[in-house]
Amino acid sequence: MNAATAGTPAITVDALRRSYGGRRGFEAVRGIDFRVDHGEVLAVLGTNGAGKTSAMEVVEGVAAPTSGRVRVLGYDPWADRAAARPRMGIMLQSGGFPSDLTVVETARMWAGTLSEPRPVAEGLEMVNLQQRAGTPVKQLSGGERRRLDLALSLLGNPEVLLLDEPTTGLDPESRRNTWRLISRLRAAGTAIVLTMHYLHEAEELADRIAILHCGAIVRSGSVAEIVAEHPSRITFATPPVAIPELAGSTVHTSATTTTVHTADLQGTLTELLSWAAERGIRLESLRASTASLESAFLAVAGEEHAASAHDTTHERSLS
Ligand SMILES: Nc1ncnc2c1ncn2[C@@H]1O[C@H](COP(=O)(O)OP(=O)(O)OP(=O)(O)O)[C@@H](O)[C@H]1O
């Protein structure tokens, strides 16, 4: 961070829209807003085709927005690419560098395009590839290539780091090393945006999460904030008698399973179990679970699905 950037957000995205095939074409990004501060990690999650890549390409400066405003370190990454790009590190899903070169040759070639690169050896060490420096890139495993991609994105000492699925294909140890590296970079003030599919990883790494669905951000905030918006769940095999009203809960009953959603798991469970005990009813296959990022994500991803399933389940709002 330098004096000019201190106190300003590293990335701001306001009302970003992106369409393919002109304004009347397909709108992949439908008016999204987010900001990332220095020393902060934002994870962008989404279903396949949600618009993550389409949005990130605008932040990277490789595509123009159809409308809206994006600033990276105060610059328009598309119009002021020459100013913004040297201070950004970008790791795409596939690096696409010539594979006849060795690891160290590739890193040197990349460093040669940068104005103030960190030493190549240091970059390779950051991702534990120093032992593979003399190996031709084409002989690297998929995970090693991924780590080389990451090393290249770090060679320019970026203030803003954009990583597209950085741990895909990595073994558990390399994955943990990458997590530690991301944490160190964050602590050093780097603003980091991760796009990813692994929810567990997003929970581990990100300060904030944005869930993208059909081109819009449908949930955002810390994991705790996102989870708090989602109810806990109780399920059991549907008993032969009607379920009573449970305060503040929603009950879905199918022929086989009853599902109760509630914001007060303990209160609702107590009420339900007292009701069952008084009548001598045994609730078979009883399960209670608090909301998690995964259930919040699945709820978003499954909303359309759930809407169409309403025909086959009986829903009662019992608040
Ligand atoms: N060049 C293109 N022309 C037309 N439509 C496109 C183009 N690129 C992407 N799309 C469409 O835009 C939507 C968003 O795609 P995008 O690649 O941004 O999603 P994503 O969230 O990155 O998906 P994934 O997780 O599968 O990588 C999809 O419906 C996709 O088919």
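The structure is a predicted model, in which local features need pLDDT of at least 70, side-chain atom pairs count only at pLDDT 80 or more, and totals for chains, interfaces and linings use all residues. Residues are numbered from 1 along each chain as its sequence is written.

Two strands pair if DSSP finds at least two bridges between them.

An open sheet of 3 strands has antiparallel pairing and the order E2-E1-E4. Its edges are E2 and strand E4 (67-72), each of which pairs on one side only. From one strand to the next, the twist averages 25°; angles run from 0 to 180 degrees between N-to-C directions, and axes are lines fitted to C-alpha atoms, for helices over the stretch in contact.

Strand E1 (residues 11-20) pairs with E2 over 8 bridges in the antiparallel sense. Within this pairing, Ile 11 stands opposite Val 36 in E2, and Arg 18 has Val 29 in E2 as its bridge partner. The two strands form a hairpin with 5 residues between them, and Gly 21 in the turn has a positive phi of about 80°. Helix H1 lies across E1, E2 and E4, running at about 120° to E1. Contact here requires that the C-beta atoms of two residues, placed from the backbone, lie within 7 Å.

I turn to the other sheet. An open sheet of 6 strands has mixed pairing and the order E5-E6-E7-E3-E8-E9. Strand E5 (88-91) and strand E9 (216-221) are its edge strands, each pairing on one side only. On average, neighbouring strands of this sheet are turned by 15° against each other, direction ignored. E5 and strand E6 (residues 160-164) run parallel and are joined by 4 bridges, with Ile 90 partnered by Leu 162 in E6. H1 packs on this sheet as well, touching strand E3 (41-46), E5, E6, strand E7 (191-196) and strand E8 (208-213), and its direction makes about 155° with that of E6. H5 lies across E5 and E6, at about 165° to E5.

Which residues surround the ligand? They are Tyr 20, Phe 26, Ala 28, Gly 46, Asn 48, Gly 49, Ala 50, Gly 51, Lys 52, Thr 53 and Ser 54, a residue being near if its C-beta atom, placed from the backbone, lies within 6 Å. Strand E2 (26-36) and helix H1 (52-60) are the elements that give two or more residues to this shell, and H1 provides the largest share, 3 residues. By class, the shell has 4 nonpolar, 6 polar and 1 charged residues. Here Ala, Val, Leu, Ile, Met, Phe, Trp, Tyr, Cys and Pro count as nonpolar, Asp, Glu, Lys and Arg as charged, and the others, Gly among them, as polar.

Finally, the helix pair. The axes of helix H3 (residues 103-111) and helix H5 (residues 142-154) come within 10 Å and cross at roughly 30°. H3 is therefore roughly parallel to H5, a term for angles under 35 degrees, with over 145 counting as roughly antiparallel, 65 to 115 as roughly perpendicular and the rest as oblique. At the contact, Val 103, Thr 106, Ala 107 and Trp 110 in H3 meet Leu 148, Ala 151 and Leu 152 in H5. These residues divide into 6 nonpolar, 1 polar and no charged.
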